[in-house]
Each structure stands twice: as C-alpha cells, then as structure tokens.
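Have the sequence and the 3D view open while you read.

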Amino acid sequence: MKNDKMKNQYRINEQIRVREVRIVGDNGSTVMPTREALDMARDEGVDLVEISPNANPPVCRLIDYSKFLYQQKKRQKEMKAKQVKVEVKEIRFGPQTDEHDYQFKLKHAREFLEEGNKVRAYVFFRGRSILFKEQGEVLLLRFANDLEELAKVEGMPSLEGKKMFLYLAPKKAGVAKKSQQARDREANEAEAKEASRQQKAEQMPSNGGMFANAKISDDALKKLTEVED
C-alpha cells in the first residue's frame with residue numbers, strides 16, 4: 001500500500017504534459033522541451049521523473065523509476081533512524097513522599113527530560129489521603145520548579161479522580177517527525193533550488209567582463225603611461 005502511494009506521488013514519462021522541463025543531474029541542469037527530454041530518456045533506457053512540479057519549469061530527473069523509488073525509500077529509512085522517539089514517562093508520588101524518595105524520582109525525571117521524553121508526574125491519593133490534596137499540589141509545583149531548567153509545564157496540577165497530574169515537556173525537544181511526503185517535498189525543493197542557482201550562475205557574466213577590465217594593475221598603468229610619453 002505504501003509503495004502504491006509513493007508511485008502515485010510522482011508523474012513520469014507521458015504523464016508529464018508541460019511544454020518544457022528542467023533536467024537536473026550530476027553535470028548541472030538544462031532546460032529543454034519535454035518531448036526532447038522524453039526522447040533522451042528512451043535513448044538512455046530510463047524514465048523521465050518529475051521531482052518538483054511547482055518549479056518553473058518543473059524539475060525532472062532521468063533515472064530508472066524503480067531505482068528512484070528505492071532511493072526515496074532508503075532516504076526515508078535513514079531519516080527515520082535519526083529521529084528521536086518521544087515517550088511519556090510516568091513519575092508517581094504519594095501525598096506524603098519523604099525527601100529521599102522525592103530526590104530519587106527527581107533524578108529519574110531529569111534523565112527522562114534530557115533524553116527528550118515528556119514526564120507525567122502524579123500524586124495518588126489512597127483512601128482518606130484525598131484530604132491532603134493541597135499537600136499533593138504543593139509537591140507537584142515544587143517538582144516543576146526543581147525541573148525548571150529542563151522542562152516547561154504543559155498544564156498546572158489537576159485532580160482527576162484519585163490522581164493529581166502534572167505534565168512536563170522538555171525544553172530541548174527531540175526531532176519532530178515529518179511525513180514521508182513532506183520529507184520528499186523538502187528534498188525535491190532543495191534539488192530545484194540548486195538547479196535554479198546553477199541557472200543563475202550560467203547567466204552571470206564571465207570573469208573577463210566589465211569588472212575584470214576595470215581592474216588594471218599599477219604596472220599596466222605605468223606601461224601605458226610610458227607608451228604615451
């Protein structure tokens with residue numbers, strides 16, 4: 001199913017119906033009529049693959065479509081491997097948690113946050129201990145204050161049944177996940193931007209233009225003066 005979605009994401013060969021396209025490759029980029037690009041793809045035994053349809057003209061590559069899909073899938077796996085998986089870790093307190101236990105759990109919470117995970121801390125009120133809910137709230141607020149350098153509070157302490165919750169998120173969060181379509185779009189836009197940069201470079205005047213002619217060395221001026229004399 002995923003492969004089918006990826007296949008339908010790109011237009012290839014005769015599906016590309018614009019007048020002209022920009023072909024990018026290892027040797028730079030070239031704008032040419034789409035028909036000529038299709039003929040070139042047939043001669044090389046590959047496909048004409050549109051990688052950036054919103055560029056003007058659309059950017060394409062000459063590549064075997066199966067190989068292209070394999071490269072996209074490989075890139076997806078590599079980017080997924082670099083992503084940080086964010087989990088929600090729980091820290092449980094009692095309304096009368098002693099100092100040693102508090103410091104022990106505070107240490108674990110620091111470790112969780114430094115790894116990029118969220119923390120859900122809660123005070124569990126057993127039986128008549130619900131009478132000490134204010135004490136539990138004070139404990140959670142102290143907990144948030146002690147983790148202020150590492151975490152931001154996503155919600156103030158709130159009582160839900162017999163539990164009072166506090167949610168903390170790391171200030172330096174892990175890498176946010178993106179959809180494969182978004183990652184492919186960014187990669188294709190980067191290729192299109194590079195193609196545009198190369199096009200502008202081709203249109204720039206050579207080093208022998210007006211500015212180069214204006215830079216005459218002192219020795220050259222001296223020689224010209226001697227000739228005039």
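Which side chains meet in a salt bridge at 2.6 Å, N to O? Glutamate 14 and arginine 42 do.

## Ground rules

A quick word on what you're looking at: this is a predicted model, where local features need pLDDT of at least 70, side-chain atom pairs count only at pLDDT 80 or more, and totals for chains, interfaces and linings use all residues. Residues are numbered from 1 along each chain as its sequence is written, and side-chain values use heavy atoms, with hydrogens and water left out.

## Salt bridges

Back to that opening pair. A salt bridge here is a side-chain nitrogen of Lys or Arg within 4 Å of a carboxyl oxygen of Asp or Glu, and the structure holds 9 of them. Glutamate 14 sits in the loop between H1 and E1, while arginine 42 belongs to helix H2 (residues 34-44), so their bridge ties together parts that are 28 residues apart in sequence. (Helices, H or I with at least four residues, and strands, E with at least two, are DSSP runs numbered from the N terminus.) Glutamate 14 is partly exposed at 46% relative accessible area, and arginine 42 is partly exposed at 45%. For those labels, buried means under 20% relative accessible area, exposed means over 50%, and partly exposed is in between (1.4 Å probe, protein chains only).

Another bridge joins glutamate 90 to arginine 120, with the closest N and O atoms 2.1 Å apart. Glutamate 90 is in strand E5 and arginine 120 in strand E6, so this pair ties together parts that are 30 residues apart in sequence. Both ends are partly exposed, glutamate 90 at 41% and arginine 120 at 26%. A local case is aspartate 146 with arginine 142, whose closest N and O atoms are 3.6 Å apart. These two lie in helix H5, 4 residues apart, or about one turn of the helix. Aspartate 146 is partly exposed at 25%, and so is arginine 142 at 36%.

## The nonpolar core

Now for the inside. A nonpolar core is a set of buried Ala, Val, Leu, Ile, Met, Phe, Trp, Tyr and Cys residues joined through side-chain atoms within 4.5 Å. The largest one has 20 residues, and Ile91, Phe93, Val119, Leu140, Phe143, Leu147 and Leu168 touch the most other members. Two or more residues come from each of E5, helix H4 (99-114), strand E6 (118-124), helix H5 (133-146) and strand E8 (163-170). H4 gives the most to this core, with 5 residues.

## Surface patches

Over on the surface, Ile130, Leu131, Phe132 and Leu159 form a nonpolar patch with about 340 Å² of accessible area together. Areas come from the Shrake-Rupley method with a 1.4 Å probe, and for residues only the protein chains shown count as cover. To join a patch, a residue needs over 30% relative accessible area and no salt bridge; like charges are joined within 9 Å, and nonpolar side chains (Val, Leu, Ile, Met, Phe, Trp, Tyr) within 5 Å. Leucine 159 is in strand E7 (residues 151-160) and is partly exposed at 38% relative accessibility. Methionine 156 lies in strand E7 too, and counts as exposed at 57%.

There's a charged patch as well: Arg92, Arg126, Lys162 and Lys163 gather in a patch of positive charge. Lys and Arg count as positive and Asp and Glu as negative, with His and the chain ends not counted; each charge is placed at NZ of Lys, CZ of Arg, CG of Asp or CD of Glu. Arginine 92 is in strand E5 (residues 88-93) and is partly exposed at 40%.

Most residues other than glycine have a negative phi, and most peptide bonds are trans. Asparagine 13 has a positive phi, near 50°. You'll find asparagine 13 in the loop between helix H1 (2-7) and strand E1 (20-25), buried at 17% relative accessibility.

The peptide bond from asparagine 56 to proline 57 is cis, with omega near 0°. Proline 57 lies in the loop between strand E3 (47-52) and strand E4 (59-63).
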